[in-house]
Amino acid sequence: MNTFRILVVDDETDFLETIVNRLNKRKLDATGVTSGEAAIDVLKEELYDVVLLDIKMPGGMDGIETLREIKRIQPLVEVLLLTGHASVETSIEGMKQGAFDYLLKPMKFEDLLTKMAQAFEKKATHDKKIRDAKIQELIRYPSRVFDQEKK
């Protein structure tokens with residue numbers, strides 16, 4: 001499995017610490033925060049590939065509000081919604097807002113790793129397409145680069 005950066009957002013500190021420790025033991029770069037607000041603060045400063053986001057968090061921003069803000073500030077990051085309180089409404093809203101998948105607790109750790117790897121692969125594919133498009137633009141219109149340097 002390729003290494004990638006994961007931000008885990010969950011108000012249940014025992015669950016959060018356990019997941020982050022297990023991901024780090026797998027040589028993945030995982031960080032944990034306990035609220036949507038804290039996740040937004042971290043994502044404004046650092047780039048992540050995948051966010052594992054609890055939907056139901058007391059007080060402040062819930063998972064759906066957090067997802068909406070994450071997609072506004074880092075549109076290419078892939079978000080896996082995770083909940084112990086499934087509902088059709090939140091699953092539909094989450095997918096409309098751009099979540100990669102909607103997962104239910106409890107979940108086998110190996111299955112969670114597989115979903116994270118799939119989310120990372122999707123993000124990596126998008127990143128490559130953007131890089132390729134920029135390279136093609138540079139090849140077709142090299143003067144644009146020099147024009148930008150003059151400004």
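Helices (H or I, at least four residues) and strands (E, at least two) are DSSP runs, numbered from the N terminus. I wrote that down before anything else.

**Ground rules.** I am looking at a predicted model, where local features need pLDDT of at least 70 and side-chain atom pairs count only at pLDDT 80 or more, while totals for chains, interfaces and linings use all residues. Residues are numbered from 1 along each chain as its sequence is written, and side-chain values use heavy atoms, with hydrogens and water left out.

**Entry 1: the whole chain.** I found six helices and five strands in the chain. Reading from the N terminus, I noted the order β-α-β-α-β-α-β-α-β-α-α. The C-alpha trace spans about 55 × 30 × 25 Å along its principal axes. I also looked up burial: 37% of the 151 residues count as buried (under 20% relative accessible area; exposed is over 50%, and partly exposed lies in between, with a 1.4 Å probe and protein chains only).

**Entry 2: the annotated stretch.** The unreviewed UniProt entry gives "domain: Response regulatory" for residues 5-120. I reminded myself that UniProt positions here use this numbering, that feature names are shortened, and that annotations may be inferred rather than shown by experiment. Over residues 5-120 I get 47% helix and 22% strand, with the end C-alpha atoms 9 Å apart.

Entry 3: The unreviewed UniProt entry places "modified residue: 4-aspartylphosphate" at Asp 54. I located Asp 54 in strand E3, residues 50-54. Is Asp 54 buried or exposed? Asp 54 counts as buried because its relative accessible area is 4%.

**Entry 4: Glu 78.** Next I went to strand E4 (residues 78-83), where Glu 78 lies. Glu 78 has 3% relative accessibility, so it counts as buried. I then checked Glu 78 against Met 116: they are 38 residues apart in sequence and 8.8 Å apart in space, C-alpha to C-alpha.

**Entry 5: a charged patch.** Which residues gather in a patch of negative charge on the surface? I listed Glu 37, Asp 41, Glu 45 and Glu 65. For such a patch, residues need over 30% relative accessible area and no salt bridge, and like charges are joined within 9 Å. A salt bridge is a side-chain nitrogen of Lys or Arg within 4 Å of a carboxyl oxygen of Asp or Glu. Helix H2 (residues 36-45) gives the most to the negative patch, with three residues. Glu 45 sits in helix H2, and it counts as exposed because its relative accessibility is 66%.

Conventions
Patch = residues over 30% accessible without salt bridge, like charges linked within 9 Å, V, L, I, M, F, W, Y side chains within 5 Å. Areas by Shrake-Rupley, 256 points an atom, 1.4 Å probe, with all protein chains shown as cover. Lys, Arg positive; Asp, Glu negative; His and termini not counted. Charge placed at Lys NZ, Arg CZ, Asp CG, Glu CD.
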